[in-house]
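Thanks for coming, everyone. Let me put the model on the screen, and then I'll walk through it.

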Amino acid sequence: MQRVFSEDTPWHVAWLQKVLPQVSDVAAHHAERTIFTRFVPPQDANLMRGAWRHYYEKWWMMTGRHLPGEMVDLVPELAQFVPPAMVFDKSVYSPWTSGALQQHLATQSVSHLVISGGETDVCVLSTVLTAVDLGYYVTVLTDAVCSCADTTHDSALALFGERFSAHVELKTTERFLQQGFA
């Protein structure tokens, strides 16, 4: 839910504007418990290793050397919730690799995560699967996640709801705001 995905860039996600009202509603109701993660590209592809170096060689125009720094900012509709909402930066799809998010959640005794954002079949998928491995109960808000590709978005939601139904619950934003974790 960053400017780099909402504005006219090679990584533009057209659906972002469609799900933004739902993401904003959740953040407005639970700002003090909201955590945003930001995908922050490296300054240069050479700063990454292995496949990530190759990825940023392909997407060289999206590295910090070429991308204005403010493009990694949250969209303004969500930035207004920080603080009290928190922001964790990540350099890969998963927000878990640095350990900072897990450490923060452990200090807060969090056991259940509600996931929204983009992209369903990339960062959301990575976030959810590792959260499951870490033992969290996960709720994915079906109308508050988005992707560039309808087919893989639908497949990811089906995967969560069918293969991971013991760990992942699918809900609409309205239902979550009415019922909470019940």
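I'll take the aromatic rings, then the sheet and its helices.

Ground rules. This is a predicted model, where local features need pLDDT of at least 70, side-chain atom pairs count only at pLDDT 80 or more, and totals for chains, interfaces and linings use all residues. Residues are numbered from 1 along each chain as its sequence is written, and side-chain values use heavy atoms, with hydrogens and water left out.

Rings, then. Searching the whole structure gives 13 aromatic pairs. Take Trp11 and Trp59: edge-to-face, 5.9 Å between centres, 65° between planes. They sit 48 residues apart, Trp11 in the loop between helix H1 (3-6) and helix H2 (16-29), Trp59 in the loop between helix H3 (50-58) and helix H4 (76-79). Helices (H or I, at least four residues) and strands (E, at least two) are DSSP runs, numbered from the N terminus.

Is Trp11 buried or exposed? Buried, at 8% relative accessibility. The cut-offs: buried is under 20% relative accessible area, exposed over 50%, partly exposed in between, with a 1.4 Å probe and protein chains only.

Next, Phe39 and Tyr93. This pair is stacked, 6.1 Å centre to centre, 20° between the planes. Phe39 is in strand S1 (residues 35-39), and Tyr93 is in the loop between strand S2 (86-90) and helix H5 (100-107), 54 residues apart. Phe39 is buried at 3%. Tyr93 is partly exposed at 29%. Both belong to a cluster of linked ring pairs, which also includes Trp11, Trp59 and Trp52.

Now the sheet. Three strands, open, parallel, order S3-S4-S5. Two strands pair if DSSP finds at least two bridges between them. Strand S3 (112-118) and strand S5 (168-171) are the edges; each has a single partner strand, so one side of each lacks a neighbour in the sheet. Six bridges join S3 to strand S4 (residues 137-146). In one of them, Leu113 partners Val138 of S4.

Last, the helices. H2 packs on the sheet and touches S3 and S4 (contact: heavy atoms within 4.5 Å). The direction of H2 makes about 135° with that of S4. Helix H6 (residues 123-133) lies across S3, S4 and S5, at about 165° to S3. Axes are lines fitted to C-alpha atoms, for helices over the stretch in contact, and angles run from 0 to 180 degrees between N-to-C directions.

Definitions and conventions
Rings of Phe, Tyr and Trp (its six-membered ring) pair if their centres lie within 6.5 Å; planes under 30 degrees apart count as stacked, over 60 as edge-to-face and the rest as tilted.
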